[in-house]
Amino acid sequence: MSDNHHVNYKRVYLWLLALLVVSVAGPFIGILSVTLITAFGIAVVKANLVIQNFMHLRWEKTLAKWVLITSLALMALFVAGVAPDVMRHEGQNWVNVAAADAVERGVVDEHAREEELAEEETDVAVAEPGVFDAVGQFNLICAMCHGSAGDGMGAAGLALDPRPADFTDPAFWETRDDQRVKTAIRDGGVAVGASALMAPWGALYDDAQLDALVEYVRSFGPTGQ
Amino acid sequence: MAQATVDVQHAEHDVHEHHGPQGVLKYLWSTDHKVIAMQYLFTGMFMAVVGGFMAYVFRMQLAFPGSSVPGFGIVSPGEYNALVTNHGTIMIFWVAMPVLIAAFGNFLIPLMIGADDMVFPRINRLSFQVFFLSALVILGSLFVEGGGFGGAWTAYPPLSAQGMYNQTPLGATLWLIGVALEFVAFLLGGINFITTLMNARAPGMKAYDVPLVCWMIVIASILFMLSVGPLIAGAVMLLFDQTLGTGFYDPAAGGDPILWQHLFWFFGHPEVYVVLLPAIGITIDIVATFARKKVFGYKLMLYTTVATGVLSFFVWAHHQFISGIDPRMANVFMVTTLLISVPIAELMFVIIATLYGGSIRLTTPMLWALAFIAEFLIGGVTGIFLGASGADIYFHDTYFVLAHFHYTFFPIAIIGTFAALTYWFPKMFGKMMSDTMGKIHFWGTIIPFNVIFIPLFVLGMGGQHRRIYNYQHFPDLAGADFQLLRVIATIALLTMLAFQLVFFFNFLHSLLWGEKAPKNPWNANTLEWTTESPPPHGNWPPDQMPKVYRGPYEYGRPDREPDFWPQDEPA
Amino acid sequence: MFVKPIATTRSATGIPTGRLAVWWLLASEVVIFGGLLGSYIMHRMGHPEWAEAAVHTNTWFGAFNTFVLLTSSFTAVLAHQAAESGQGKKAAKYLLLTMGGALAFLLVKSVEWTIEISHGYTITANTFWSFYYTAAGLHGLHVIAGAIIMGFVAADAWRGKELQRVELIGIYWHFVDLVWIFLFPLLYIAK
C-alpha cells in the first residue's frame, strides 16, 4: 500500500522486544503450563504484531488474507489427519511397537539408549572401514534366496526357477572358483551365464568386501577351503 | 492482408528491439511465453517417448519373461523395478505436468486473457530452465552405478531411504533431487499463472468471462502450490536419511515410516486433480466450440471445480488403508473419498449437458474430447471400489489398481494432450493438421488402449499382485489363462505405440507442408483466435490490445447470423 | 534489454502484481515449513523422552538470534517507509542494515552449531537433533537467500529504481522472522 499508514514502527518494535523478554523469562517460573503459554501464546502475539504492522496485512485486500488463511488451515488439516498415526502409539487394534519401545528406552535411561543405538549401528553398518561384516551382509541380502545356511532354501528363493544355488552341495563347487563367484555377486548371474534372477550387487560392495563375501560363501562348501 | 504483413514486421521489429539474443539463442533464451510453451511441449513429448519405451520394455518382460527384449536386452529384476518406477515418475512429473499445465498454461493463459505475455517473463524462463535441469537429472539417475531407483514412484521408506535395501544409493538420491527440482520449477511457473490470470486480464474481462480452461489451469496451480510444501519438507528429510544417516523414517531411531506416506499422499492425491483439471478444461472448451453451444452452467462448473479442489485435500489417506493407519481415520477418509466423486460427476454431467442438443462436428479434437469423457468415466467409476476400504483390502496393489489409475491418467495425460494439440495446433504453428491422419491416429490409440487395460482389470480381480517381475516364479499366479491376458495387453501396447508413428508423421508433415492456417479456423470465440496464426511476439500490436465485451461461450445464438460471437467484438 | 510486458501494468485484483505474487509465495512457504514443523510437533508429543535431548539446546543463543531478527525486521520496515516517500538512498541504507542483521544471525548460528557438534550433538545423534538441524537449516537457507536478493534490491534502490521491490523483499523478510518466532519456542523454550 502506498497510502500512509500512521504506524509507529518503533513502538511495535519495543513491544516485540518486551514480549521476547517475557517468553525467555517464562521457563524460570518452572511451571509447565506457564512455560507453554509464555512460549507459544507469546509467539502467536508476536507473529500477529509483525503480520499486521510490518507486513501491512491489516490494510491488504481480503484476497491476500484468504490465501494465507487457507495455507494455515491446510496445515491444521494435515496435522489432524496424521496425528492419529504418528503422534499416538496406540489405537484401535493397533500398536506402534517400535515407537513405544523407543519411548520406553528413552525415558528409562537416555544415555544408555544412545550407547545402545551406537552399538546397533556398528552391527549393521555397511561401509564401516575395517569392520565389514560379511556374515551380517549375507544374512541381510543373500539369505533371502540362498538361505542363511547357504542351502538355497531362503523364503524368497523357494519359488524361483531356476532354483538359487545350493552352496552346501559339493557338485556346485566342482564347477566354481572364487573369481567366478565374485563375478556373479558383483555383476549378477547373467555375467557368468547363470540365472538372470541372481541380481548384480556390485553397487553395494567394494573389492575387499566382495572377497570377504566370497570367503563366507565358500565356507558353506564341503571342504571349507 | 496488408495489415497482417505490417503486424508481422512490427512483431519482428519488436523481437530485435527487446530481445538481445539472436538466432538459436532467441529460442533458448527467450522470455516469450509462446516460446517457453514450445520448450515445455517438446521436452514433455521427448520424455513421453522415454516413458513409453520403458512401458514397452517391462510389458515385454511380463508377457515373455526372461526373453531378450528387442532394443533393450534381457531385463534383470533390478532393471525391471527401475523401469516401472521411472515410468510412473516420468509420465506424471515430466509428461502430464509440463505438457498439460506448463505448455498449454503458458501458451493459452496470456492469449486467452488478452495479455502480451506473462507478468513475470524472466521467472517463466527460469522455471523452464530448472525443469530442463530436473529432466537431465532424472535421466542421468538411470545410468549411475547400481541403475535407476526401483522403489516405486511413491518411494516409501525404508526402500527409498536406505541403500542396503534399494541397492542404488546414488540412483535413489538423484531420483529424489530430480523430483524436488521439478517441484521448484512448477512452483515458479505456478506463481506466474496465478498472478497473470488474477491481475493481467484484458480491459472489460471479468472473472466470469475467462475461458474455463484458464481457470482450471490456475486452480490446478493453486492446488499444487498448497499441497506440495509438506512433500518438499519430507523430501529434505528423506534426503538426509539417505545421505547423512538420520532416522526420520526409521522406527528404530524414533522416526516413523508412515509419516512419509502421509507427507507423500497429502501432495500425491491433490496431484491427481492438478493434472485432471486442465484436461477437463481443455475438454469443455473443445466441446463448446464443436457443439456450437454455450457451456451448460459456467458458474456451476467453476464452483464445482473449486469444491473439487477443496475436497481433494481431504482424501489422501485412502492410499494407505492397509499401511497400518488408525482404522477410525480410514473410515473418515473412505467417506470423503466417496464424496469427491460427486463434484467430479457433476463436471462430467455439465460437459454432457453441453453436448445435448448441440450441432456436433466430429473433428479430430472433438473425437479426443468425447473419448476423454468416456474413458475417464470408466476410471472414475472403478475408483469407487478402491475408495471403499473394505474392497480396497482385497484390491490393494493388484493390477486392478493399476488399470484404474491408467484409466484416469491416460485420458488426462494422453487423450487430453492430443485433444489440446489438435485443437490449438493451427494457432501454435500456423498450419492445419491433416484430419484424416488425425482420425486414423485417434482410433489406433483408443481401441488398443482399452484392449491393454480391460484385461488388467480382470487380472487384478484374479488377485494378481502388481509388483512382480516374473510370474513364472509363482505357480499359483502364472496360470495359462492369466498369461494369455498379459500377452494380449502387451500386443495391444505394441499396436498403440506403432500408431503413434502416425501422429509424429502427421505432426512433422503438417508443420512443414501443411495448409496455412487462417486466424480462426474453428470459428471460436476466445481471444487467442483474434490474432495471427502463429501469434507474433507480444501477441497483438501494442496499440490494438483486445478489449472484452462478453463471455467466451456465445455460440449458436438464435438472434445472430454467424453462430459465434467473438469476445472482443463490440456489441 | 528486457522490456516489461504490458501485462505487468494491469491490476484486476487491486493488489499490485509483485505483492500478489509474494503473498502466493508465502502461502507456498507456509506449507513447506508447516509440513516440517507439523511433523516435528507430532513426533515431539509422541516422544516425551526427547525432552531429555532438548535440554541441551542453548536458550540464550536462540533468544539473541530472535532479538537480531526482530531488529532486522524493524530496519526492513523502515526501509519500506523510506522507499514509499521516494528516498532510495535511505531505503538502501536500511536494507544494508537488515543484511547486517542476517549476517549476525548466521554468525551466531554457526558458533552455536560448532559448540553443539563438538559436544557430540550431531544431526544423527537422535531424531530430535535431526529435526533441530533440519528445521533451523531450512530457515537458515531462507535467511541466506533473502540477504542475497536484498543486496540486488538495495543496489537498485540506491539508484532510485524499482522502489516497489523494497516492500516486497521486506514482506519476505518479515516472513523469515515469523518462522523464527515459532522455531524459537519449539526448539529452545519448550524443554
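In which crossing, left-handed or right-handed, does helix 8 of chain B pass helix 9 of chain B? Helix 8 of chain B passes helix 9 of chain B in a left-handed crossing, a term for which the near helix is turned anticlockwise from the far one by less than a right angle.

The model is predicted, with local features needing pLDDT of at least 70 and side-chain atom pairs counting only at pLDDT 80 or more, while totals for chains, interfaces and linings use all residues. Residues are numbered from 1 along each chain as its sequence is written, and chains are lettered from A and ligands numbered from 1 in the order in which they are written.

Helix 8 (residues 212-243) and helix 9 (residues 257-291) of chain B pack at an angle of about 165°, their axes being 8 Å apart; the two helices are therefore roughly antiparallel to each other (angles over 145 degrees).

The two chain contacts are set out below, where residues are in contact if their C-beta atoms, placed from the backbone, lie within 7 Å.

| Contact | Residues in contact |
|---|---|
| Chain C with chain A | 40 residues of chain C, 43 residues of chain A |
| Chain A with chain B | 32 residues of chain A, 33 residues of chain B |

On the side of chain A that touches chain B, helix 3 of chain A gives the most, with 10 residues, whereas on the side of chain C that touches chain A, helix 1 of chain C gives the most, with 13 residues. Helices here are DSSP runs (H or I, at least four residues), numbered from the N terminus.

Notes:
Axes are lines fitted to C-alpha atoms, for helices over the stretch in contact, and angles run from 0 to 180 degrees between N-to-C directions. Angles under 35 degrees count as roughly parallel, over 145 as roughly antiparallel, 65 to 115 as roughly perpendicular and the rest as oblique.
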